[in-house]
Amino acid sequence: MADDSIAVVDLDRCQPDRCNYECSNYCPPNRTGKECITLRGEDAGDGDPDQVHISEEICLGESCGICVEKCPFDAIEIINLPQELDDQPTHRYGENSFSLYGLPVPESGKVTGLLGPNGIGKSTAVDLLAGEVTPNLGRHESPPDWDEVVDEYRGTELQDYLAAVRDGDVDVAKKPQYVDEIPAQFDGNTRQLLEATDERGVLDDLVDRLSIRPVMDQAIDSLSGGELQRVALAATLARDADFYFVDELTPYLDIGQRVTAARLVRELAEDADKAVLVVEHDLAVLDMLADSIHVAYGEPSVYGVVTPPKSVRNGINEYLRGYLENENMRVRPEAIEFEEHAPRSASRRDTLVSYPDMTKSYGDGEFTLSVEGGDINRNEVLGVVGPNGIGKSTFAQLLAGGLEPSSVGGEAGAALDVGLDIAYKPQYVEADQQMRVDAFLSSVTDDVGTSYWQTEIADPLQLDPIMEQRLPDLSGGERQRVAIAATLSKDADLYLLDEPSAHLDVEQRVLATRAIRRFAENNESTVMVIDHDIYMIDLVSDRLMVFDGEPAEHGQASPPQAMRSGMNEFLANLDVTFRRDERLGRPRINKPDSQLDKQQKRDGEYYYTT
């Protein structure tokens, strides 16, 4: 194989007990007597002895690709690397394993963003920067020591940092990606967790600004996703470290909480002169948060490339356009575009259901929701926005029949019957059934495997690579995509999706958004999307329903309204203004108290459309 090609075997997918080694039997070098594809054997450092190994010295490369086509489980990738790459990766886990090229550069007093799809090496980069893994420069069989690694980066911006890692002079604090796993790792209450991490003496300020004082004495396993996210951030920022890594700042947080969290991270970098690296898929927040960004591209689970730093605006715009200018690299076949949504057809103006005024009270002194009656139209995607703890999910469950209202039309104890079949994806996705994905989805619909289902649901949600995996083994993003697919696969009049963007990377969010809109258009279906990602809401919604009030105390919901008026109402409630990037039209958060922020507030235009 040429130096600019690699072969990767996904050991999670390689299932020798269920195949006849078609990859080996049809491999051209094997058929001439060479040992290109062989069994790993008892001495293999990883994987099972009966799984396959590919000799990259003998393999003919992507120009052959027969083993890739013959493998029934899509476990093999033969990839030609971009010509612009140096021959030597920063790190490779082993032959037939993932390779990473390049590293982000942490800078004291700066927030560095890392933007790219899942499975592209972002976590590997952090492990290398944290000193938990020594970069092997691609020499996995005879790895170099730290002195040789530092010498390799001599004359670059990374030299001093890696030398400090080598000398043990870098302390690292990390916020994990999946905060819902924290209860399984910590047995205690919030106060015990946070007080154990308060090395900088800033806990009281963090607790107040993140609004977590009400849960300080609650058990960790009783917290919601949004509460866990804020507790995890407080625990990370309270530590006294040299390098802070924040993996996904925004899941389960509303817009106001996201802005507050971003300000805290910026203050840590600027006021405490700390180096912060943030992986984030909410581009509006990343735009506000970072001083520079590195874009990561490549082939998920095969190889990843981290670009040199770019300005935040240019880096995000290049990523959305799908073309990295300095690298002369296309990372997406088409650009992600933002535009105002015009009515798609006259049928959208037809009413699917009119729901009445209603209330839901959880008891004296507990949360109460008041809903003003309104109409949901046919063939529309209705966005639902508002702070956390304000009743959005409660409203969805009232419509779906999971909760009984306290009053309907002013009549206490009256039942709510909207007369619709409703498919509901809850906010928190459970996946504890010991079933394969294909079996689970087949239990939902008989359409699995049909050309319609493949085109409308499986392809846009990238389900094929995970169809044979078991539900408990899926990542958070994979679970989310399966849950969306299961909901859209049901036969219903109204589809309710609660936070479909959680744990999806930028590419997956765009694909999910397109799948939802296309599903609504092609099936003349109505979808309600509850989410906090302004990019997703902007791309997917035809109208908005806005919730306001006092979180955890009382909420009120306005009837659905046009996007522009709805976004103005929503953002005015949060005292946050957005503008649109003049090149791509994407939403961007204005800096608080900036000239543009003040002008838009005076004009009552919190959400510019031009």
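Mentor: Let us start with Asn328, which is found in the loop between strand S13 (323-324) and strand S14 (329-330). Helices (H or I, at least four residues) and strands (E, at least two) are DSSP runs, numbered from the N terminus. Residues are numbered from 1 along each chain as its sequence is written. This is a predicted model, in which local features need pLDDT of at least 70, side-chain atom pairs count only at pLDDT 80 or more, and totals for chains, interfaces and linings use all residues; side-chain values use heavy atoms, with hydrogens and water left out.

Trainee: What is the phi of Asn328?

Mentor: Asn328 has a positive phi of about 50°, although it is not a glycine. Asp74, also a residue other than glycine, has a positive phi near 50°. Asp74 sits in the loop between helix H3 (66-70) and strand S4 (76-80).

Trainee: Is Asp74 buried, exposed or partly exposed?

Mentor: The terms rest on relative accessible area: buried is under 20%, exposed is over 50%, and partly exposed is in between (1.4 Å probe, protein chains only). With a relative accessible area of 43%, Asp74 is partly exposed.

Trainee: How many residues of helix H4 (residues 122-129) are buried?

Mentor: Six of the eight are, so helix H4 is largely enclosed by the rest of the structure. The buried residues are Lys122, Thr124, Ala125, Val126, Leu128 and Leu129. After H4 comes Gly131, with a positive phi near 80°.

Trainee: Which residues does Thr112 touch, apart from those up to four places away in sequence?

Mentor: A contact means heavy atoms within 4.5 Å. On that basis Thr112 touches Val105, Pro106, Glu107, Val276, Leu277, Val278, Ser292 and His294. Thr112 belongs to strand S7 (residues 111-115) and is buried, at a relative accessible area of 1%.

Trainee: Which residues touch the most other members of the largest nonpolar core?

Mentor: In soluble globular proteins, nonpolar side chains tend to be buried together. A nonpolar core is a set of buried Ala, Val, Leu, Ile, Met, Phe, Trp, Tyr and Cys residues joined through side-chain atoms within 4.5 Å. The largest here has 87 residues, of which Leu194, Leu249, Val265, Val276 and Phe570 touch the most other members. Helix H11 (residues 255-272) gives the most to this core, with eight residues. Another core, of 32 residues, lies apart from it and includes Val482, Leu488, Ala515 and Val527.

Trainee: At what angle do helix H16 (residues 451-458) and helix H18 (residues 506-522) pack?

Mentor: Axes are lines fitted to C-alpha atoms, for helices over the stretch in contact, and angles run from 0 to 180 degrees between N-to-C directions. Angles under 35 degrees count as roughly parallel, over 145 as roughly antiparallel, 65 to 115 as roughly perpendicular and the rest as oblique. H16 and H18 pack at about 135°, with their axes 9 Å apart; they are therefore oblique to each other. Tyr452, Thr455 and Glu456 in H16 meet Ala515, Arg518, Phe519 and Asn522 in H18.

Trainee: How many aromatic pairs does a search of the whole structure find?

Mentor: Rings of Phe, Tyr and Trp (its six-membered ring) pair if their centres lie within 6.5 Å; planes under 30 degrees apart count as stacked, over 60 as edge-to-face and the rest as tilted. The search finds six pairs. In one of them, Tyr362 and Phe367 have ring centres 6.4 Å apart and planes at 40°, so the pair is tilted. Tyr362 is partly exposed, at 41%, whereas Phe367 is buried, at 10%. Tyr495 and Phe519 form an edge-to-face pair, 4.9 Å centre to centre with 85° between the planes. Tyr495 is in strand S23 (residues 494-498) and Phe519 in helix H18, so this pair ties together parts that are 24 residues apart in sequence.
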